[in-house]
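This report goes through selected packing features of one protein chain. Please keep the sequence and the 3D view at hand while reading.

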Amino acid sequence: MNKLTAKDLTAQEKLRLLLGVGAWDLYDAEGKLPRFTMSDGPVGLRRVLSVREDGSEEMKPSVAYPAIAVLANTWDRALARKMGEALASDCLENGVDLLLAPGVNIKRDPRNGRNFEYFSEDPYLAGVMAREYVDGLQQSGVGACVKHFCANNLEYDRFEQSSEVDERTLYEIYYKPFSIVCEAKPVSLMCSYNRVNGQYAAENKRGFAALRGELGFDGAIFSDWEAVHDRTRSAKAGLDIEMPFNEAHFGQLVKDYESGVLSDEELDACAQRVIDLIYRCKEMHEGKRAPLTVEERLSVAEKIEREGAVLLKNEGILPLKKGTRAAVAGCYAKAEPTSLVFGGGSARMVWLGQPFDLAALLSERLGEQTVYERAFLPKVAIGNAALGIPARAVENAALADVSIVCAGTGADLEYESGDRESIRLPEVQERAIVDIAKANPETVVVLFAGSAVDVSAWEPYVKGILLAGFCGERGGAAVADLLCGLACPSGRLAETFPCALEDVPAANTFRNANVTRYSEGLDVGYRYFVGAGKPVRYPFGFGLSYAVFEYSGLRVQTDGDTLELSYLVRNTSQTDGKEVSQVYVRPIAAKVYRPERELKGWSKDEVAAGGQVRVTVRLGRDAFSYWSAAEARERVDDGVYEVIVGKNCTDARLRCKVCIRGGNIVLP
């Protein structure tokens with residue numbers, strides 16, 4: 001391929017290159033550069049074919065995968081990579097060069113309307129899973145655009161709100177997942193809408209310098225759609241591409257260049273990065289064909305749900321036995337490809353396949369007719385019989401062996417540009433769960449929600465809870481398999497489920513029309529709850545299984561650079577299963593404030609019934625480091641550290657102590 005450089009283009013062509021063409025394409029310099037198109041699609045290709053007169057979009061149907069939140073709950077690196085490969089297949093068949101995904105923003109506040117699009121409250125878990133997703137996508141021939149940089153953790157007033165964050169917290173919590181994902185060399189990244197410490201993210205020169213410096217990013221930076229306020233200031237800060245095209249912004253950019261406000265050096269730097277992006281993506285997919293068939297992609301979608309669903313409670317009710325007569329209630333059980341099992345906004349797309357019917361799927365597996373009653377809609381019951389009859393659902397439950405209530409949120413409650421007012425389910429749903437459980441104590445709730453839910457109003461009444469999340473178009477089959485024991489639950493929470501919203505530090509910090517103060521600092525999610533000894537409903541990393549696992553035989557060795565932990569995980573049950581063993585580090589007598597525990601490694605391993613596996617997890621020096629604001633660098637202090645292996649952030653099955661001496665990892 002004969003490559004052009006910025007020097008081969010006129011000044012007008014370079015200026016024009018700094019803004020997109022319409023909403024989804026880049027400028028091709030009148031044919032001098034290859035044509036380039038992009039698409040939304042963190043959980044399914046959102047290919048917009050046209051915009052109707054009423055403003056609605058016509059989209060091409062595509063495979064609907066579970067939400068990123070479900071993928072994170074798998075804790076499966078290989079599955080994250082496989083999802084990237086599947087999405088690349090969708091893109092390659094539709095002429096898409098760049099997928100605007102994934103999002104790695106931290107789940108600081110469970111009310112955030114876009115939490116379903118993000119991986120975790122933990123930067124290490126978020127970064128590692130995103131890195132694998134990006135590598136799978138790009139190795140298969142399609143570029144990634146990681147988003148949203150940075151500190152966009154609520155949708156409230158997202159175009160103006162200033163996220164006020166100290167430097168150390170930025171680097172350790174909010175920059176960290178971007179730093180890790182940059183190991184996969186994503187070709188591009190997208191800035192957020194909000195201001196960061198008073199500066200619009202699109203004009204955040206200091207942040208972009210950190211991104212291209214300490215964080216190791218070497219690609220092009222996009223604006224989020226309509227996030228640019230001043231095209232010249234954003235270009236001077238290092239933002240390369242404004243999306244979508246804005247005529248007024250382009251006109252001002254030309255004037256500022258002609259008057260010398262924007263220098264040739266600044267213009268060439270941005271233009272060259274755009275050119276490099278185009279060529280990198282074209283070279284990436286040259287000669288590539290879709291690595292997975294449509295049926296294989298659908299299987300990936302189903303496997304993500306099967307491994308990402310989290311069993312939160314089980315008082316001996318699951319798995320359901322053959323011949324069980326079940327009654328199913330709740331609108332989410334018949335998940336048509338609408339808002340019911342999706343989050344709203346740029347992640348929504350049109351399903352390729354058919355809607356699922358959980359009652360019918362259970363009938364097939366249990367060998368008994370399963371009755372169904374809608375009972376409620378996501379938010380309110382209007383009183384129209386066509387919308388569901390709660391009393392009939394109660395009667396059905398009373399006559400059944402087991403009652404299954406499908407509750408949740410969906411795009412009506414979790415969506416881009418808005419936040420949840422509460423993390424409780426709507427009252428109509430809570431009331432239905434309690435009424436049904438009182439009629440039949442053998443009740444299981446299946447939660448179709450994209451983020452944490454306060455279950456306190458109804459959890460004591462039910463015997464089982466399965467978090468299905470936003471499960472994608474094959475999710476119904478996966479949920480039915482899990483309920484009936486055809487698959488063993490292995491999902492683990494990538495975010496804390498608090499007892500109540502008031503317990504979350506972010507819910508109690510200062511916020512007004514312009515500013516949100518991140519006064520909790522490093523104590524985000526489990527870091528706060530563990531350190532403060534604050535009870536939670538379900539801790540980070542939690543998840544039940546039909547199998548039972550024991551840990552033993554910890555061995556520790558080091559070469560100075562790497563700490564290698566090796567331990568046995570034994571399955572003492574009669575059920576094959578997968579265990580997620582998690583490794584946390586706790587500094588002892590730290591020289592600066594450090595959280596009580598931080599995730600630094602994990603392993604997900606399949607262990608046959610009655611069998612055992614020896615697991616190995618390696619930690620580098622960075623597992624013991626922190627960001628020194630005084631020295632503006634990562635620092636590892638000499639001292640003693642405890643390494644903890646457990647089933648979640650509050651659990652400790654195995655422990656050992658190690659030392660840092662002269663920057664080297666040594667054993668006591």
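## Basis

The structure is a predicted model. Residue numbers start from 1 along the chain as the sequence is written.

## The nonpolar core

The largest nonpolar core holds 217 residues. Those touching the most other members are Leu26, Met38, Ile404, Trp458, Leu483, Phe624 and Val643. Helix α10, residues 264–284, supplies the largest share of this core, with 10 residues. In soluble globular proteins, nonpolar side chains tend to be buried together.

Met38 can be followed in more detail. Residues up to four places away in sequence aside, Met38 touches Trp24, Asp25, Leu26, Arg47, Val96, Leu98, Leu100, Phe222, Trp225 and Met243. One of these, Leu26, is itself listed with Met38 among the core residues that touch the most other members.

## A covered helix: α5

Helix α5 spans residues 167–174 and is mostly covered, with seven of its eight residues buried. The buried residues are Arg168, Thr169, Leu170, Tyr171, Glu172, Ile173 and Tyr174.

## Helix pair α3 and α11

Helix α3 (residues 77–92) packs against helix α11 (residues 294–308) at an angle of about 150 degrees, and the two axes are 10 Å apart. Angles over 145 degrees count as roughly antiparallel, so α3 is roughly antiparallel to α11. The crossing of this pair is left-handed.

On the α3 side, the contact is made by Leu79, Lys82, Met83, Ala86, Ser89 and Asp90. On the α11 side, Arg297, Val300, Lys303, Ile304 and Glu307 take part. By class, the contact of α3 with α11 has five nonpolar, one polar and five charged residues.

## Helix pair α13 and α14

Helix α13 (residues 390–399) and helix α14 (residues 427–439) pack with their axes 8 Å apart, at an angle of about 30 degrees. Angles under 35 degrees count as roughly parallel, so α13 runs roughly parallel to α14. Their crossing is right-handed.

In this contact, Ala393, Val394, Ala397 and Ala398 of α13 meet Asp435, Ile436 and Ala439 of α14. The contact of α13 with α14 has six nonpolar residues, no polar ones and one charged residue.

## Two buried residues

Val462 is found in the loop between β17 (443–448) and β18 (464–467). Val462 counts as buried because its relative accessibility is 1%, and the cut-off is under 20%. Apart from neighbours within four places in sequence, Val462 is in contact with Lys313, Glu315, Ile433, Ala437, Thr443 and Val445. Val462 and Lys438 are 24 residues apart in sequence, and their C-alpha atoms are 8.8 Å apart in space.

Pro498 lies in strand β19, residues 497–498. Its relative accessibility is 2%, so Pro498 also counts as buried. Leaving out neighbours within four places in sequence, Pro498 is in contact with Ile423, Ala452, Val504, Phe529, Val536 and Arg537. Pro498 and Lys591 are 93 residues apart in sequence and 30 Å apart in space, C-alpha to C-alpha.

Conventions:
This is a predicted model: local features need pLDDT of at least 70, side-chain atom pairs count only at pLDDT 80 or more; totals for chains, interfaces and linings use all residues. Side-chain values use heavy atoms; hydrogens and water are left out. Axes are lines fitted to C-alpha atoms, for helices over the stretch in contact, and angles run from 0 to 180 degrees between N-to-C directions. Helices (H or I, at least four residues) and strands (E, at least two) are DSSP runs, numbered from the N terminus. Angles under 35 degrees count as roughly parallel, over 145 as roughly antiparallel, 65 to 115 as roughly perpendicular and the rest as oblique. A crossing is left-handed if the near helix is turned anticlockwise from the far one by less than a right angle, and right-handed if clockwise. Contact means heavy atoms within 4.5 Å. Ala, Val, Leu, Ile, Met, Phe, Trp, Tyr, Cys and Pro count as nonpolar, Asp, Glu, Lys and Arg as charged, and the others, Gly among them, as polar. A nonpolar core is a set of buried Ala, Val, Leu, Ile, Met, Phe, Trp, Tyr and Cys residues joined through side-chain atoms within 4.5 Å. Buried means under 20% relative accessible area, exposed over 50%, partly exposed in between (1.4 Å probe, protein chains only).
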